[in-house]
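Trainee: Could you take me through one part of this model closely, with the criteria behind each term spelled out as you go?

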Amino acid sequence: MRLLALKSGPEIMKLLKSLDTESKAIIEDVVTLALYGNQSYNEIWNMTYEEREIFSRVLQTKIKLDKGIKPQQEIKQELI
């Protein structure tokens, strides 16, 4: 849809470049979570954006705890 609204070659190239940059950032995030979370790349890749965000927050808290840094908030399971 956005592509159809573009009128010139440079505008299209700008969009494609931004999509490429976003794609690489997502791949880097997935690789980082897989590496530090000790999970498979495919398992992380198949998570939704929200699941990856939650996984990332919990992983950051775990890393801080492992380093002896006390978290500012307790991890609570609010939904049962």
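Mentor: Let us look at the salt bridge between Asp 66 and Lys 62, whose side chains meet at 2.8 Å, N to O, where a salt bridge is a side-chain nitrogen of Lys or Arg within 4 Å of a carboxyl oxygen of Asp or Glu. This is a predicted model, in which local features need pLDDT of at least 70 and side-chain atom pairs count only at pLDDT 80 or more, while totals for chains, interfaces and linings use all residues. Residues are numbered from 1 along each chain as its sequence is written, and side-chain values use heavy atoms, with hydrogens and water left out.

Both partners belong to helix α4, residues 49-66, and they are 4 residues apart, about one turn of the helix; helices here are DSSP runs of H or I with at least four residues, numbered from the N terminus. Asp 66 counts as exposed, at 55% relative accessibility, whereas Lys 62, at 46%, counts as partly exposed, given that buried means under 20% relative accessible area, exposed over 50%, and partly exposed in between, with a 1.4 Å probe and protein chains only. Side chains of opposite charge can pair when their charged atoms come close.

A search of the whole structure finds 2 salt bridges, and another pairing joins the side chains of Asp 20 and Lys 24 at 3.3 Å, N to O. Asp 20 and Lys 24 are likewise 4 residues apart, about one helical turn, in helix α2, residues 9-37. There Asp 20 is partly exposed, with a relative accessible area of 39%, and Lys 24 is exposed, at 53%.

Terms used: Helix = DSSP H or I, 4+ residues; strand = E, 2+ residues; numbered from the N terminus.
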